[in-house]
Amino acid sequence: MKIVINACYGGFSISKKAAEFMAERGSERARRELEEHAKPLDPDDRFDAISIKYGKERTFHGYGYVDGLEGRYERDDPLLVAAVETLGEEAGGSYTNLKIVEIPDDVEWEIDEYDGFEHIAEKHRTWG
């Protein structure tokens with residue numbers, strides 16, 4: 001199984017180019033994130049107002065959070081993996097270095113991170 005992680009400090013996100021790649025191939029989450037990004041700036045929104053003031057476009061975040069869908073991009077999504085394999089460094093958003101890690105298919109896994117630098121860990125029980 002192939003899983004996408006962020007291999008540097010900063011946190012996971014994908015680029016607009018990666019979202020377009022995924023949306024063209026059927027990713028509903030990527031399509032909807034691109035649609036939200038394309039909406040006109042709203043002067044009543046405090047973040048949009050800053051962009052308007054400085055003549056900037058809306059920033060594409062690439063986290064995969066969209067209205068009406070739970071969660072964010074699934075890291076083992078074949079379209080995400082294909083985007084990273086095809087686009088290479090261009091697949092990552094700001095402050096990212098996306099990397100594909102391959103693990104055995106039968107492993108129950110999770111992503112652990114420190115300051116956005118991620119690794120794959122096998123799920124196990126812990127107590128605190």
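Is L69 buried, partly exposed or exposed? L69 comes out as partly exposed because its relative accessible area is 28%, and partly exposed sits between buried (under 20%) and exposed (over 50%), using a 1.4 Å probe and protein chains only.

## About the model

This is a predicted model, where local features need pLDDT of at least 70, side-chain atom pairs count only at pLDDT 80 or more, and totals for chains, interfaces and linings use all residues. Residues are numbered from 1 along each chain as its sequence is written, and side-chain values use heavy atoms, with hydrogens and water left out.

## Around L69

You'll find L69 in the loop between α3 (46-53) and α4; helices here are DSSP runs (H or I, at least four residues), strands likewise (E, at least two), numbered from the N terminus. Leaving aside neighbours within four places in sequence, L69 is in contact (heavy atoms within 4.5 Å) with R29 and R32. L69 and E28 are 41 residues apart in sequence, yet 9.5 Å apart in space, C-alpha to C-alpha.

## The cores

A nonpolar core is a set of buried Ala, Val, Leu, Ile, Met, Phe, Trp, Tyr and Cys residues joined through side-chain atoms within 4.5 Å. The largest one has 18 residues, and I14, M22, Y73 and L80 touch the most other members. At least two residues each come from α1, α2 (28-38) and α4 (78-87), with α4 giving the largest share, five residues.

There's also a second, separate core of five residues, including I3, I5, I103 and W109.

## Out at Y9

Y9 belongs to the loop between β1 (2-6) and α1 (16-24). Y9 counts as exposed because its relative accessibility is 52%.
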